Amino acid sequence: MRIAYRVETVRAAERELIARLPHGTLMHRAAAGLAAACAGMLGRVYGARVVVLAGSGDNGGDALYAGARLARRGAGVSAVLLAPDRAHSDGLAAFLRAGGRVADDPYDVLAAADLVLDGITGIGGHGGLRPDAVPVARAARGSNALVVAVDLPSGIEADSGEVLGEALHADATVTFGAYKPGLLIDPAHAYTGAVRLVDIGLAPHLPSVPDCEALQHADVAQLLPVPSGESDKYRRGVVGIVAGSARYPGAAVLAVAGALHGGAGAVRYVGHAADDVIARFPETLVSAGPPAKAGRVQAWVVGPGLGDAPGVEEVLAADVPVLVDADGLRGLDPAAVRARSAPTLLTPHAGEAAALLGVSRAEVEGGRLHAVRELADRYGATVLLKGSTTLVADPGGGAAVRVNPTGTPWLATAGSGDVLSGLAGSLLASGLSARDAGSVGAYLHGLSARHAANDAPLTASGVAAALAGAWRDVHAP
């Protein structure tokens, strides 16, 4: 699992560790890891042309010390000092002793560089790049060099993933001690490139509960329900789905597809698209409704393609976990959700989240972490905020926000959210918590999209059909 901590938490851990170590040890550890990562990316260090963009803080010091190490291995290393009077003095002295030189013209050295180290701003930077740094950053990005961010790309917000001004797009980021939320969450995540973590010994000094976490294959494999020899269709979980309308019968079909391919023992369908559902999935148990008369279920999914049809209030009154999506979210009463005794999982996209919060879609997309936390607290429910980075948050802030690492732009296709609703609903019915069902569902959903996109132009039906491949991926040795 990848775990991420806020700047304040990382700095507190650094202070604890620094107090136990000789002066400068932590910075030298970071610089050694950074230089090793750069050497691996270059392939051949001797004769390579490296440019260090050094700001005034410790981030610039890390970059200068790493530049010194590369210079001692035969690279031609130049430094562009963004604040010459406030450059890290020890780092600059080590850089010059190793044969590095301070560039007279930053644009000449950048034009010829093989690799650029972005050490302009560190984890304490806010509000984007300063105006005087913007031309240099643009020249670095406009060169043919590989741009490697030191700890995080300059200009992004480390704690939130927001980008509040101009930032430098990196091809790779080498971060120290712990991931920061901004490295995992869009829009900042789009600036990071491939992210590599360098261990500098912080782990024993960090809290057990991070601010954000991203599941990996092994984590998902442990959470996924696997039938035993004593399993039957009811023990595996029965999920009820209230979805579809005369206008959107396909939403019902896709939600049922997600549930069936997601491992449900049985699916009960209530709605106006029963004929369409049975034609595609004859194993579905259909009912004319209302939901309370459909038969026993372990979880409900309500909303995809529902239009103005009834069902949301009755489903919310049930004493089993409920997933609310799409049309079910329109006008959703926070008090009604908060009054429930069983878990509730809300799965809005950015536009739906904006309507629930009374803000613009751009505000949600620019501050995804704040939006998902605010929604979870307002409704007293687990919230899965879909989008370029899908986030899952519990109310109260006691648990880490889950960040889905398998998302892909291929999922921007009609109906893919309906598949996710059925999939996550089936995981709820199997007994997973709302947080686990949402985050595992999003993980498998992304993996299946990658499978489907490799085989043919992606459709929501293809995503559902590829879920079996996603399960195999997770359980592969």
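Visitor: Is Trp 471 buried or exposed?

Guide: This is a predicted model, where local features need pLDDT of at least 70, side-chain atom pairs count only at pLDDT 80 or more, and totals for chains, interfaces and linings use all residues. Residues are numbered from 1 along each chain as its sequence is written, and side-chain values use heavy atoms, leaving out hydrogens and water. Buried means under 20% relative accessible area, exposed over 50%, and partly exposed in between (1.4 Å probe, protein chains only). Trp 471 has a relative accessible area of 17%, so the word for Trp 471 is buried.

Visitor: Which helix is Trp 471 found in?

Guide: Helices here are DSSP runs of H or I with at least four residues, strands are runs of E with at least two, and both are numbered from the N terminus. The run with Trp 471 covers residues 467–475, and that's helix 19.

Visitor: Which buried residues does helix 6 have, and why are they on the same side?

Guide: In helix 6 (residues 134–142), the buried ones are Val 134, Val 136, Ala 137 and Ala 140. Take the directions from the helix axis to the C-beta atoms. They're on the same side because they cover an arc of only 165 degrees.
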